[in-house]
Amino acid sequence: MLQMIRERWRQGFRTGKFPKEEPILPPRFRGLPKFTGECPPDCNRDCETLCPFSACKSMAGRLTLDLGRCLFCADCPACPHGRIIFGSDYRLAVRKREDLLYNGGEYPLAQPLEPARLKLFGRSLKLRQVSAGGCNGCEADCNVLGTLVFDLGRFGIQFVASPRHADGLLLTGPVTENMRSAVLDTYEAMPAPKIVVATGACAINGGPFLHSSEVSPGLDPLLPVDLYIPGCPPHPYTILDGLLRLLGRR
Amino acid sequence: MNALNPQLLKNGEAIGLELVPTFDFADFGDCLLAEIRKQGRIAACFAVPVIEKSRELELFALIARDRNASVAVYRTHIGERFPSLTPNCPQMHLFEREIAEQYGVVPYRHPWLKPLRFHNAWRSGGDAWGRPADQHPRVGEMDFYRVDGEGVHEVAVGPVHAGVIEPGHFRFQCYGEKVMHLEISLGYQHRNIERMLLNGPHPATMPQVETIAGDTSIGHGLAYCQVIEALSGCEVPDKAQSIRALALELERLANHVGDIGALAGDVGFLPTFSYCGRLRGDYLNLTAALCGSRFGRGLVRPGGVLFDLDSALAGEILAKLKAVQGNTMGAIELFFEAPSVLSRFEGRGRLSRSVAEDLGLVGVAAKACAVPRDSRFFHPTGVYRHIFDDLITEETGDAMARTRVRSREIPVSIELIRRIGNNLPDGPIRAPVGPLKANAMAIAMVEGWRGEVVHVGLTDGNSRLRRYKIVDPSFHNWMGLTMAMRDEQISDFPLCNKSFNLSYCGVDL
């Protein structure tokens with residue numbers, strides 16, 4: 001018993017000050033991209049073919065990155081002119097799929113739920129997490145939110161064991177053919193009104209497995225999505241920030 | 001008998017396929033059984049269509065001979081049906097089910113021939129179970145082993161589980177609370193990775209390999225890179241080798257510490273659960289300091305690594321590691337000194353040494369049964385050639401032993417990181433990778449945190465990948481969990497399951 005108390009003392013208080021204080025992320029962290037300079041006039045738009053996941057294209061003459069497809073690769077091959085660099089901003093969650101098409105400037109961060117659902121879920125949100133082809137990266141970063149560093153419970157958010165107890169579905173993975181019916185059944189089993197959160201590049205648009213015949217290109221063709229959290233996998237703070245924004249807490 | 005000598009191969013080496021003799025099937029089977037009797041084990045076994053003739057398959061088996069640091073390559077031909085080797089060699093069990101499902105061939109007299117991942121055959125003209133080719137097989141639809149009788153009942157769990165974990169289906173045959181048999185049916189995570197790698201390397205290959213099992217991004221990424229480097233004859237610079245090993249050990253630390261925390265959580269011992277959950281993140285953050293990603297995404301690339309480690313950053317990482325080490329050891333000590341914890345773990349989910357050897361278990365699960373398995377020790381590459389000699393085993397084969405292996409590997413990994421970080425060589429971190437050799441084969445074995453990750457690459461005449469085989473350690477070890485559950489209480493399943501902590505997506509691919 002004494003040893004336990006001594007150890008408790010030594011481990012100290014570790015819960016982060018988020019959201020009052022911004023988290024400190026490592027200098028090499030790859031967050032919201034920045035676009036340097038301008039596309040050269042003689043550019044032959046290689047970006048549209050160089051990204052293997054078609055995340056990059058030129059739209060209305062502007063280099064545009066689809067953060068729903070982007071894996072934030074360290075060796076991003078998309079722009080041969082080096083216009084794409086990844087910044088340090090971890091806040092990436094949005095409400096609409098088209099908001100993920102980013103070409104610089106202000107990023108349309110997620111707005112809160114509409115008043116009816118916000119009133120219900122704003123102070124207590126129970127989520128059922130389902131992995132449908134996830135690689136255990138996104139799953140691990142969701143799990144970690146329950147640890148004392150993030151302490152998800154202090155925001156009234158909790159992962160629950162049954163869809164019957166859940167207000168929302170937090171899905172990871174591209175939705176494999178073999179998980180499709182389980183995902184739909186889980187959604188059906190949740191009482192309405194409910195929300196759906198697509199977490200990670202796979203859940204948003206198929207991620208690295210976009211072109212596989214055994215997976216769906218993400219959740220969009222299957223269910224109405226309320227929140228998109230990009231990243232491969234998203235940083236835990238990216239997920240937490242997204243959930244809090246959805247609940248109007250940031 | 002001289003004609004039956006197999007071609008030998010070292011970890012991280014490539015050979016021309018013309019050097020690999022083709023045996024007839026009877027000799028192939030005999031040789032395999034002889035190798036197993038001499039403590040060889042099947043590192044990988046897979047089929048590939050013979051290039052010209054489409055219906056005929058070549059079957060390759062790569063037998064790890066741990067004692068002389070080599071891999072024996074056996075090769076034979078099979079047609080639509082071939083006699084199963086599983087009855088005499090349980091290690092072949094899942095490999096034969098996999099081959100049957102991928103190519104629609106039947107290993108007859110297989111005692112347990114059921115689908116593995118529930119996908120259509122990779123080629124037209126037949127399914128091993130006669131499932132229609134024009135529709136996707138229904139996942140989980142197979143003949144589960146069933147026990148009937150008074151007082152016997154069946155419990156089905158999954159694919160969606162109660163926690164934040166991957167999907168899989170577990171079918172228990174119980175007599176009261178006691179489990180007579182557990183059958184595990186996976187495939188829910190199947191993303192078709194092996195087929196997506198065909199004709200590669202493709203630009204999308206590296207991110208796909210890093211997410212075979214996303215908690216082993218470094219392990220799988222490294223195995224892939226070693227295959228490509230072997231096939232292209234690329235010499236990886238010393239500094240890159242050091243950074244790779246450092247990242248691999250950080251991955252091991254994060255997962256071992258996390259596992260011990262989760263195991264404590266499973267028996268309601270909250271101090272270790274809370275501390276280790278937090279400490280796991282500290283190790284992940286060290287990986288992020290190195291490459292920006294907590295899971296090491298983007299660090300390892302063919303030819304070397306993408307992120308340099310200068311002495312300033314190395315010093316910073318080592319200093320943080322030292323701070324975290326004290327807290328880790330303290331948190332784990334509490335666990336092993338609490339009688340209530342010990343009484344829950346000791347004797348649970350026991351596996352005998354002989355079962356572990358028969359099933360070909362690897363990694364933590366094997367080491368806990370006193371079976372020495374560690375490719376850093378037996379098949380070292382890179383810096384492991386010089387610095388690794390601390391192979392840890394435990395005797396009891398139970399959940400306690402599996403936890404102890406993890407806890408004892410933690411200081412070993414920390415010491416390895418310290419030695420690597422203090423002796424970083426100078427020089428480049430990446431070498432150019434040329435074209436792959438045509439008609440060649442290479443193997444890479446990397447000791448990931450769960451155990452040995454094996455990748456095998458085969459090229460065709462145009463230097464493209466004709467077949468790419470991935471064997472996650474979980475592929476061998478799920479059967480170990482099945483056997484460990486026999487005669488256990490069903491209420492102890494979470495504990496036993498967590499003590500193995502196997503990957504679903506690593507098996508489902």
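The crossing of H7(B) and H8(B) is left-handed; a crossing gets that label if the near helix is turned anticlockwise from the far one by less than a right angle, and right-handed if clockwise. This is a predicted model, in which local features need pLDDT of at least 70, side-chain atom pairs count only at pLDDT 80 or more, and totals for chains, interfaces and linings use all residues. Residues are numbered from 1 along each chain as its sequence is written, while chains are lettered from A and ligands numbered from 1 in the order in which they are written.

**Helix pairs in chain B**

- The axes of H7(B) and H8(B) come within 9 Å and cross at roughly 160° (axes are lines fitted to C-alpha atoms, for helices over the stretch in contact, and angles run from 0 to 180 degrees between N-to-C directions).
- On the H7(B) side, residues making the contact include Tyr275(B), Leu279(B) and Leu286(B), and on the H8(B) side they include Leu321(B), Val324(B) and Phe335(B) (two residues are in contact if their C-beta atoms, placed from the backbone, lie within 7 Å).
- By class, the contact of H7(B) with H8(B) has 15 nonpolar, three polar and two charged residues; Ala, Val, Leu, Ile, Met, Phe, Trp, Tyr, Cys and Pro count as nonpolar, Asp, Glu, Lys and Arg as charged, and the others, Gly among them, as polar.
- Now for another pair: the axes of H15(B), residues 473–484, and H16(B), residues 493–500, come within 10 Å and cross at roughly 150°.
- That angle makes H15(B) roughly antiparallel to H16(B), and the crossing of these two is right-handed.
- H15(B) brings Asn477(B), Gly480(B), Leu481(B) and Ala484(B) to the contact, and H16(B) brings Cys496(B), Asn497(B) and Phe500(B).
- Sorted by class, the contact of H15(B) with H16(B) has four nonpolar, three polar and no charged residues.

**Where chains A and B meet**

- The contact takes 51 residues from chain B and 50 residues from chain A.
- H4 (205–210), H7 (270–291) and H8 (311–337) of chain B each supply at least two residues of the side that touches chain A (helices are DSSP runs of H or I with at least four residues, strands are runs of E with at least two, and both are numbered from the N terminus).
- H7(B) gives the largest share of that side of chain B, 10 residues.
- The side of chain B that touches chain A divides into 25 nonpolar, 19 polar and seven charged residues.

**A sheet in chain B**

- Four strands of chain B form an open sheet in the order S1-S5-S4-S3, with antiparallel pairing (two strands pair if DSSP finds at least two bridges between them).
- S1 (7–9) and S3 (41–49) of chain B stand at the edges with a single partner strand each, so one side of each has no neighbour in the sheet.
- S3(B) and S4(B), residues 57–65, pair over eight bridges in the antiparallel sense, and Arg41(B) stands opposite Ala64(B) in S4(B).
- H1(B), residues 25–37, lies across S4 and S5 (70–78) of chain B, running at about 155° to S5(B).

**One spot in chain A**

- Pro80(A) sits in the loop between S3 (62–66) and S4 (84–86) of chain A.
- With 11 other C-beta atoms within 10 Å, Pro80(A) is exposed; the cut-off for exposed is 12 or fewer, for buried 20 or more, with partly exposed in between, using C-beta atoms placed from the backbone.

Notes. Parallel < 35°, antiparallel > 145°, perpendicular 65-115°, else oblique.
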